[in-house]
Amino acid sequence: IEDSLFELNEVVQGGGGGMYVYYESRATILRTTFTKNKAGASGGGVGFSNNRPSEVEPSIVEDCLFNQNNASLSGGGMNVDSESITHISTTEFHNNYASQSGGAVSGSNDAGITVTDSTMANNAAGDTGGSAYVTATSLAFNNVSVFDSVAGRTGGGVAMTGGTATGIFRSSTFGRCNASAFGGALAASSDV
């Protein structure tokens with residue numbers, strides 16, 4: 001997908017308000033905007049699920065904008081789960097919201113997410129991980145700026161949990177992030 005716009009799309013009960021990539025599939029998304037999309041589950045803008053690395057190459061998201069997307073569960077902008085691997089670069093996540101966790105991006109169930117040269121700003125989650133939330137997932141931030149993100153409980157910027165979750169943060173900046181209970185910028189728990 002190149003030079004495209006996904007706007008005002010909605011999936012009532014499932015994931016991937018704008019787009020859903022699942023079961024041994026992959027996507028390359030370039031210079032595309034996802035705005036004001038809604039998911040009744042996870043991945044307001046895009047959802048990646050069940051795309052095992054032994055079967056398919058990682059999905060690529062590059063030079064994209066995720067703005068004002070909404071998820072009823074997790075990943076207001078994007079959700080990556082069930083062994084899916086996604087590489088995100090030079091992409092902006094602004095004003096996305098998840099009712100539970102990961103205002104901009106969420107990951108679960110042995111997924112892998114790498115974010116490089118990107119910005120996450122003014123994202124919010126009702127519970128955990130204002131901009132990003134992962135559980136049992138590997139997360140790497142390389143030169144990522146996270147600003148003005150809010151979580152209702154923990155990890156105003158980023159929250160990580162689960163025994164197989166790992167996090168690497170290189171040359172990244174967290175500013176003006178807020179959480180009501182733990183970890184204004186970053187929270188990690190349960191054997192991370």
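**View 1. Cysteines C177 and C64.** C177 is buried, because its relative accessibility is 16%, where buried means under 20% relative accessible area, exposed over 50% and partly exposed in between, with a 1.4 Å probe and protein chains only. C64 is likewise classed as buried, at 4% relative accessibility. The model is a predicted one, in which local features need pLDDT of at least 70, side-chain atom pairs count only at pLDDT 80 or more, and totals for chains, interfaces and linings use all residues. Residues are numbered from 1 along each chain as its sequence is written, and side-chain values use heavy atoms, with hydrogens and water left out. A disulfide is a covalent bond between the sulfur atoms of two cysteines. With a disulfide taken as a pair of cysteine sulfur atoms within 2.5 Å, zero disulfides are counted.

**View 2. The whole protein chain.** The protein chain contains zero helices and 25 strands; helices (H or I, at least four residues) and strands (E, at least two) are DSSP runs, numbered from the N terminus. Along the principal axes, its C-alpha atoms fill a box of roughly 40 × 35 × 30 Å. Of the 192 residues, 51% are buried. The accessible surface is about 7800 Å², and carbon and sulfur atoms account for 45% of that area, as computed by the Shrake-Rupley method with a 1.4 Å probe; for residues, only the protein chains shown count as cover. Contact means heavy atoms within 4.5 Å. Among contacts between residues at least 6 apart in sequence, 84% join residues at least 24 apart.

**View 3. An open sheet of seven strands.** The strands follow the order β3-β7-β11-β15-β18-β21-β25 and pair in parallel, where two strands pair if DSSP finds at least two bridges between them. At the edges lie β3 (19-22) and β25 (186-189), each of which pairs on one side only. From one strand to the next, the twist averages 5°, with axes being lines fitted to C-alpha atoms, for helices over the stretch in contact, and angles running from 0 to 180 degrees between N-to-C directions. Within this sheet, β11 (residues 78-81) and β15 (residues 105-108) are joined in the parallel sense by four bridges. V80 has G107 of β15 as its bridge partner.

**View 4. The surroundings of T114.** T114 belongs to strand β16, which covers residues 112-121. Its relative accessible area is 23%, so T114 is partly exposed. Apart from neighbours within four places in sequence, T114 contacts T86, H87, I88, A140 and N142. G152 lies 38 residues from T114 along the chain, and 25 Å separates their C-alpha atoms.
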